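Biologist: I'd like a close look at one part of this model, the sheets. Walk me through the strand pairing, please.

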Amino acid sequence: MPVAASAIYFLNLRGDVLINRLYRDDVGGNMVDAFRMHIMQTKELGTCPVRQIGGCSFLYMRISNVYIVIVVSSNANVACAFKFVVEAVALFKSYFGGAFDEDAIRNNFVLIYELLDEIMDFGYPQNLSPEILKLYITQEGVRSPFSSKPSEKPVPNATLQVTGAVGWRREGLVYKKNEVFLDIVESVNLLMSSKGSVLRCDVTGKILMKRFLSGMPDLKLGLNDKIGLEKEAQLKSRPAKSGKTIELDDVTFHQCVNLTRFNSEKTVSFVPPDGEFELMKYRITEGVNLPFRVLPTIKELGRTRMEINVKVKSVFGAKMFALGVVVKVPVPKQTAKTSFQTTSGKAKYNASIDSLVWKIRKFPGQTEATMSAEVELISTMGEKKSWNRPPIQMEFQVPMFTASGLRVRFLKVWEKSGYNTVEWVRYITRAGSYEIRC
């Protein structure tokens with residue numbers, strides 16, 4: 001359920017009320033005394049941000065030298081409450097010039113009261129977008145002398161933006177060159193056994209957009225996901241196109257995406273906000289294309305010597321390459337001396353993390369590299385304890401490659417003026433938790 005806040009208080013570090021607003025009559029005006037007595041004076045502020053006292057819940061957060069306290073008398077959505085606080089502070093900062101502290105509150109009493117009436121109605125959060133609120137709350141706050149200069153005011157068309165379906169984009173935007181930049185960024189998470197079998201593998205991805213589009217454009221994005229292709233073929237009464245398809249799991253969209261159209265047509269249609277934003281996030285658990293294979297061999301020769309051989313094979317295309325490849329091979333804490341031989345890159349022993357660190361600046365596709373190391377250990381008089389080998393870890397970045405196989409089939413931009421656009425698409429795959437047991 002929503003927050004349904006009964007009251008909100010702004011306190012300084014001494015517990016004095018700077019400003020407050022009561023939204024419901026189900027709590028008394030002295031509830032802040034309970035917060036001050038049972039939480040602030042008992043030094044329990046840092047233990048838990050949610051406390052229950054006398055049938056009421058106190059949800060609080062410290063921002064600079066101010067405590068923001070939301071009081072609720074029923075079972076409320078705590079995550080929604082804290083999200084409201086974070087966005088409300090961002091709103092205040094946009095009016096105050098980037099500062100939010102006790103002095104900023106004291107200097108902007110009237111403005112804060114006006115904003116609190118707009119962003120919460122009867123305890124329920126409303127619109128907190130600074131771009132929209134500044135269209136009809138035009139009062140300027142008392143800005144800090146260290147704050148940045150105020151930005152230019154947007155085109156005043158508050159009625160359309162507040163009541164219409166596109167509250168995240170204002171009208172009247174004009175660019176000399178209309179461009180769209182699309183980034184598909186994926187992180188590969190892998191846990192592989194010492195014998196080469198995959199124990200756990202998934203890909204988490206996100207699609208980032210940066211747009212410079214005039215007017216109020218309508219964009220349509222097509223991906224090679226299985227459900228979307230099947231739905232498109234069904235609507236057009238023709239067989240689905242052959243080729244690699246993927247199944248997206250746990251998909252979440254930006255608020256600008258038309259969910260009704262996505263549910264019916266399985267196409268991502270949206271009117272984008274201006275600038276840069278995250279269009280969607282997804283996860284892949286089947287058919288993951290691993291960019292690297294790692295084959296480690298570790299031999300313990302007695303009590304004071306080890307031989308380590310690590311072979312890394314790149315599985316992606318020969319025309320591609322990986323950047324910033326780092327292989328971290330763990331060694332025992334009593335390591336005294338190391339020597340290396342590598343076919344590519346450089347390796348060294350890092351005592352702070354008890355690992356051999358092998359770095360390769362540029363790793364071409366369909367190639368392999370090998371590191372051989374001899375490790376000398378400090379001899380101990382006591383009984384030798386078995387070494388619990390931590391997994392080998394990898395870091396890398398592969399441009400123009402997706403481990404999930406996700407591809408953009410089309411990106412269509414329609415605007416009533418009919419201008420031409422330039423679309424740019426980039427793919428990047430990075431290592432998330434890429435671990436190989438040895």
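How many bridges join strand β10 (residues 218-223) to β22, and do the two run parallel or antiparallel?

Modeller: Quick caveat first: this is a predicted model, so local features need pLDDT of at least 70 and side-chain atom pairs count only at pLDDT 80 or more, while totals for chains, interfaces and linings use all residues. Residues are numbered from 1 along each chain as its sequence is written, and side-chain values use heavy atoms, with hydrogens and water left out.

Now your pair: β10 and β22 are joined by 6 bridges and run antiparallel. Strands here are DSSP runs of E, at least two residues, and helices are runs of H or I, at least four, numbered from the N terminus; two strands pair if DSSP finds at least two bridges between them. Zoom out and you get an open sheet of 3 strands, ordered β12-β10-β22 and paired antiparallel. From one strand to the next, the twist averages 10°; axes are lines fitted to C-alpha atoms (for helices over the stretch in contact), with angles from 0 to 180 degrees between N-to-C directions.

There's also an open antiparallel sheet of 5 strands, β2-β1-β5-β4-β3. Its edges are β2 (17-22) and β3 (50-53), and its twist averages 20° from one strand to the next. Inside it, 7 bridges link β4 (residues 56-63) to β5 (residues 66-72), again antiparallel, with Ser57 partnered by Val72 of β5. Helix α4 (residues 109-119) lies across β1 (7-12) and β2, at about 30° to β2; contact means heavy atoms within 4.5 Å.
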